[in-house]
Amino acid sequence: MTDNHHHIENDEQFIGLTVNSGVKQPPVVNPYLKPRKRRPLPSASELVEGILKGDVTVLSRAVTLVESLSPEHQAVAQEVIEKCLPYSGNSRRIGITGVPGAGKSTSIDVFGLHILKDGGKLAVLAIDPSSERTKGSILGDKTRMEQLAVHPAAFIRPSPSAGSLGGVARKTRETIVLCEAAGYNNIFVETVGVGQSETAVHSMVDFFLLIQLAGTGDELQGIKRGIMEMADGIVINKADGDNIDRARLAQAQFRSALHLFPPTASGWKPEVLCYSGYYNLGVPEVWEMIDRYFTFVKENGYFEVKRQEQARYWMYETINEKLRQHFYTNPEVEKLLQEKEMKVLGNQQSSFTAARDVLDFYFKK
Ligand code: GDP
């Protein structure tokens, strides 16, 4: 109490203000708490053994290592991926995109239950580079898929946390390999239909499903042509109640818009369907379409062609990502970049010569 007078706020000029001395805080260390043992890092072969048995705990553990930034974890993760690779590939990989509120989680829940009726297993993964775990839509979050979350044959994993899109996407692609080795023969990769992430998803799935809503006015406004061009199927959700007519109208508009697009590389003609995820209407029809697609591309050979293209794409993507990382995380390069940035901003050097100087320095090292 007495030392209140030492507070400047208690000086006469601050009349009306008083600051009380605080209560002495107890020590933060709880003497009864035993130090938590760090879980020892399992070996790659232990993990692979568990994954091949379909052990979900082991699978989750391995995915966590895939997502980890620690070099020690990455080394184990890469070995696990390498060993799982021969057991992977045997699945239908389906990308699902749509703007927030389009009904992705509601739909994935009913789509998932629909396909699991016939047995098999389903992994739901996500690519959401914008959202950190604490904000945003947290794609792939279990609470958004109530029925699948408690289904024993479903494995749900939220997006790797924010980072570069390439990095996040690569981790998801690696996770696909692990899930397939664990016997998941259906893989959904969910993403928000805004920005670049669809391209990343498109580069790792066999079928790309675009969920749309019937709006008012011009249905096609605001939908990026690029996204429509990637879609193998467009489905208009919330075709229920007094929204049915508008959904049908949107369907007609999308169909005629698709006619104007160049033929797809697969030879498949993208279809447009209406359904209601919430009321579970038209869901089997959506899956009949997807089944037709798989039959079609397996017969004409495009299925394999596309997977090989994707494998090549990811080889180069990984190289690009690693090169970029190696360059930007070099402390000397970082320092030089800062200097050069100042010069460029101060009009003392052109962007091009500054870039050349930094690159020359990097390559001569
Ligand atoms: P997401 O953000 O794309 O994952 O969308 P959600 O699945 O969370 O759905 C957004 C909102 O639309 C929720 O309030 C859902 O209940 C609602 N919704 C989803 N599907 C349907 C549907 O088929 N019909 C109707 N009427 N509402 C739906």
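If we skip its neighbours within four places in sequence, Val 80 is in contact with Ala 44, Leu 47, Val 48, Ile 51 and Leu 178. By contact I mean heavy atoms within 4.5 Å.

A quick word on what we're looking at. This is a predicted model, so local features need pLDDT of at least 70 and side-chain atom pairs count only at pLDDT 80 or more, while totals for chains, interfaces and linings use all residues. Residues are numbered from 1 along each chain as its sequence is written, and side-chain values use heavy atoms, with hydrogens and water left out.

So where does Val 80 belong? Val 80 sits in the largest nonpolar core, which has 53 residues, and together with Ile 51, Leu 59 and Leu 178 it is among those with the most contacts inside that core. A nonpolar core here is a set of buried Ala, Val, Leu, Ile, Met, Phe, Trp, Tyr and Cys residues joined through side-chain atoms within 4.5 Å. Buried means under 20% relative accessible area, exposed is over 50%, and partly exposed is in between, with a 1.4 Å probe and protein chains only. Helix H6, residues 165–181, gives this core its largest share, seven residues. There's also a second, separate core of 33 residues, including Ala 102, Val 110, Met 145 and Phe 207. As background, nonpolar side chains tend to be buried together in soluble globular proteins.

Stepping back to the whole chain: the secondary structure comes to 13 helices and seven strands. Those are DSSP runs numbered from the N terminus, helices being H or I with at least four residues and strands E with at least two. Of the 365 residues, 42% count as buried. And of the contacts with a separation of 6 or more, 73% are between residues 24 or more positions apart.

Now back to H6 and its partners. Helix H2, residues 56–67, packs with H6 at an angle of about 155°, with the axes 10 Å apart. The axes are lines fitted to C-alpha atoms, for helices over the stretch in contact, and angles run from 0 to 180 degrees between N-to-C directions. H2 and H6 are therefore roughly antiparallel; the cut-offs are under 35 degrees for roughly parallel, over 145 for roughly antiparallel, 65 to 115 for roughly perpendicular, and oblique for the rest. From H2, Leu 59, Ala 62, Val 63, Val 66 and Glu 67 meet Lys 171, Glu 174, Thr 175, Leu 178 and Cys 179 in H6. Notice Leu 59 and Leu 178 again, both from that list of core residues with the most contacts.

The other partner is helix H11, residues 302–328. H6 and H11 pack at about 135°, with their axes 11 Å apart, so the two helices are oblique to each other. On the H6 side, the contact is made by Gly 166, Gly 167, Ala 169, Arg 170 and Arg 173. H11 brings Gln 310, Ala 311, Trp 314, Thr 318, Glu 321 and Lys 322.

Last stop, some loops. Pro 158 is in the loop between strand S3 (154–156) and H6, and is partly exposed at 25% relative accessible area. Pro 158 and Asp 141 are 17 residues apart in sequence but 5.1 Å apart in space, C-alpha to C-alpha. Then there's Asn 347, in the loop between helix H12 (331–345) and helix H13 (351–364). Its phi is near 60°, a positive value in a residue other than glycine, and Asn 347 is exposed, at 75%.
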